[in-house]
Amino acid sequence: MTNWSVNFNLTRIRIRILNPSSLMHTSLDHEKLEVYQASLEFITERSLFLERLPASASVRNQLDRASTSVPLNIAEGNGKFTSPDRCRFYDNARGSALESGACLDVMVAKRFVSVAEVQAGKAVLVKIVSMLFGLIRANSDVRVFEEPASYRAEKPQNEEGKSRNRKKNKSRSKNRNMR
């Protein structure tokens with residue numbers, strides 16, 4: 001049996017879903033990820049938002065599917081054994097989060113909601129996309145980093161070597177100018 005609780009706040013209604021596994025002191029690994037929790041927060045806050053939209057609005061269904069896809073892909077990716085598999089699902093989750101942001105933009109463009117109403121949702125999505133990007137980079141086999149450089153001091157050129165190089169450079173530039 002699932003436990004539900006509703007917390008009422010003067011500024012807005014917040015629904016908090018209690019996970020049955022948290023009551024039993026066991027949880028799955030993906031439930032511990034901040035990005036997973038943030039994706040559930042986005043869904044919870046957007047559910048009241050979606051109810052206000054007309055059922056005929058195609059963006060309503062699209063936002064529901066895209067936002068639902070985020071935590072599902074995070075959970076599935078976290079359960080994979082290889083880095084490429086994890087990254088693929090995290091990348092899918094990131095794409096769904098970006099799609100959710102586009103859905104919010106479409107709702108503003110179609111004047112279903114105001115810009116102010118979507119700002120909180122966009123802020124959560126920015127946080128989600130950033131965390132997913134970090135997970136992708138952390139799990140990627142191809143990490144970008146700089147190899148430690150070995151520096152060595154070279155002997156300074158003597159004056160004779162410098163003057164020869166200057167003469168060569170002058171003759172090269174004359175040849176270029178003649179062409």
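Analyst: Helix α3 covers residues 58-78, 21 residues in total, where helices are DSSP runs of H or I with at least four residues, numbered from the N terminus. From its first C-alpha to its last, α3 reaches 31 Å, close to the 30 Å expected at 1.5 Å a residue; the expected span is 1.5 Å times one less than the number of residues. The model is predicted, with local features needing pLDDT of at least 70 and side-chain atom pairs pLDDT 80 or more, while totals for chains, interfaces and linings use all residues. Residues are numbered from 1 along each chain as its sequence is written, and side-chain values use heavy atoms, without hydrogens and water.

The buried residues of α3 include Val59, Leu63, Val70 and Ile74; buried means under 20% relative accessible area, exposed over 50% and partly exposed in between, with a 1.4 Å probe and protein chains only. The buried residues of α3 pack against α2 (34-52), α4 (83-109) and α5 (115-139). Leu72 also lies in α3, but Leu72 is exposed because its relative accessible area is 54%. Between Leu72 and Tyr90 there are 9.9 Å, C-alpha to C-alpha, and 18 residues in sequence.

Two of these neighbours, α2 and α4, have axes that come within 13 Å and cross at roughly 25°, the axes being lines fitted to C-alpha atoms over the stretch in contact, with angles from 0 to 180 degrees between N-to-C directions. The contact (heavy atoms within 4.5 Å) is made by Phe42, Arg46 and Phe49 of α2 and Ser100, Leu104 and Met107 of α4.

Methods: Helices (H or I, at least four residues) and strands (E, at least two) are DSSP runs, numbered from the N terminus.
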